[in-house]
Amino acid sequence: MIEVEELGITYPDGTRAIHDLSFRIDDGQSVAIVGANGAGKSTLLLAFLGIIAPASGKLQVNGLEVKKDNLPEIRAQMGMVFQNPDDQLFMPNVYDDIAFGPRNYGLSEQEVEERVSEVLQVLNAEHLRNKMPHKLSGGEKRIAAFGSVLSMRPSIMLLDEPSSFLDPRARRNIIALLAGLKLTKVIATHDLDMALDLCDRVIVLQNGSLFADGDAQSILRDKATMEACGLELPLSCAGR
C-alpha cells in the first residue's frame with residue numbers, strides 16, 4: 001500500500017514540482033499515473049523510493065514512512081523500472097544484472113540462482129541468461145530490467161514509461177507480460193492505450209496537482225477531461 005498525504009516536492013532551483021497531493025494505492029491495484037510533460041509523474045515515482053525527498057506532507061509505503069532510516073526496507077519491498085533500461089543494466093550479462101539485487105542483500109549463490117531462474121521462467125526469458133545487455137533489442141533490455149527488479153520479490157513495482165523505445169510487437173509483449181504479474185503496479189506513462197489495457201485506475205496530474213482520480217476506462221475515454229489536462233484520447237478511442 002502507498003499512502004500520500006498533502007505531499008509537496010520542491011526542486012533545488014525552487015520549482016514546486018508536486019503540490020498538496022493526496023491519494024492511496026491499495027495492495028494489488030494496477031494504477032496509471034498520467035499527465036502532460038512536466039506534470040510530475042516521474043518525480044512522484046522517485047519520491048516513493050526516497051530518491052527525492054518531500055518538502056512537505058507525508059508519504060508511506062506498506063506502513064513505513066519514506067525517510068532515510070526506512071529506505072533499505074522500503075526498497076526491498078518496492079522496485080522501479082526506469083524509462084531507459086540502459087540506466088538499469090550495467091553488468092556483463094543478464095544473469096548478473098538479475099542477480100545483483102539478491103547478491104547485494106547477502107543471499108547465498110544457491111538462493112541467487114534459484115531467484116534468477118525463477119524470474120527468467122516467469123518472463124519466458126531463459127534464452128537471455130548469458131547475453132550481454134548492450135547487444136539486446138529494446139524489448140529484451142526492458143525484460144532484463146524487469147528481471148532485475150522482480151528478483152527482489154517486491155510487493156510493489158514502479159514503472160516509468162515501460163512502453164517507450166519499443167516497436168509495436170515488443171510493446172504488445174511487454175503489455176502481456178505486465179498483465180500477468182500479480183503484484184501492485186504503478187505505471188507512469190504517456191501511452192494511454194497501454195493504461196487502458198493494464199490499469200483499473202488512473203491518477204491524472206496537471207502541473208504537479210491532482211486533476212482526476214478514478215476508473216481508468218471512464219477517465220481516459222472522457223475527451224473533456226483529457227483535453228483539460230493537456231492530453232488526447234487514447235488512439236483506440238479516437239473518432240468515437
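The legends below describe close-up views of a predicted model. Residues are numbered from 1 along each chain as its sequence is written, and side-chain values use heavy atoms, with hydrogens and water left out. Because the model is predicted, local features need pLDDT of at least 70 and side-chain atom pairs count only at pLDDT 80 or more, while totals for chains, interfaces and linings use all residues.

**View 1. Packing of helix H3 on helix H5.** Helix H3 spans residues 94-104 and helix H5 residues 138-150; helices (H or I, at least four residues) and strands (E, at least two) are DSSP runs numbered from the N terminus. Their axes come within 7 Å and cross at roughly 30 degrees, the axes being lines fitted to C-alpha atoms, for helices over the stretch in contact, with angles from 0 to 180 degrees between N-to-C directions. H3 and H5 are therefore roughly parallel to each other (angles under 35 degrees count as such). The contact (heavy atoms within 4.5 Å) is made by Val94, Asp97 and Ile98 of H3 and by Ala144, Gly147 and Ser148 of H5.

**View 2. Burial of helix H3.** Eight of the 11 residues of H3 are buried, so this helix is largely enclosed by the rest of the structure; buried means under 20% relative accessible area, computed with a 1.4 Å probe on protein chains only. The buried residues are Val94, Tyr95, Asp96, Asp97, Ile98, Ala99, Gly101 and Pro102. They pack against H5 and helix H4 (109-122). Glycine 106, which has a positive phi near 85 degrees, follows H3.

**View 3. Asparagine 93 at the start of H3.** Asparagine 93 belongs to the loop between strand E6 (78-81) and H3, and this residue is buried, with a relative accessible area of 17%. A side-chain oxygen of asparagine 93 reaches to within 3.2 Å of the backbone nitrogen of tyrosine 95. The side chain of asparagine 93 also reaches the backbone nitrogen of aspartate 96, at 2.8 Å. Apart from neighbours within four places in sequence, asparagine 93 is in contact with Arg129, Asn130, Lys131, Met132 and Pro133.

**View 4. Surroundings of alanine 55.** Alanine 55 is located in the loop between helix H1 (41-48) and strand E4 (56-61). Leucine 7 and alanine 55 are 48 residues apart in sequence, and their C-alpha atoms are 7.7 Å apart in space. With neighbours within four places in sequence left aside, alanine 55 is in contact with Gly8, Ile9, Thr10 and Arg16.

Conventions
Parallel < 35°, antiparallel > 145°, perpendicular 65-115°, else oblique. Buried < 20%, exposed > 50% of the residue type's maximum accessible area, 1.4 Å probe, protein only. Polar contact = N/O pair within 3.5 Å; in protein donor to acceptor, adjacent residues only side chain to side chain.
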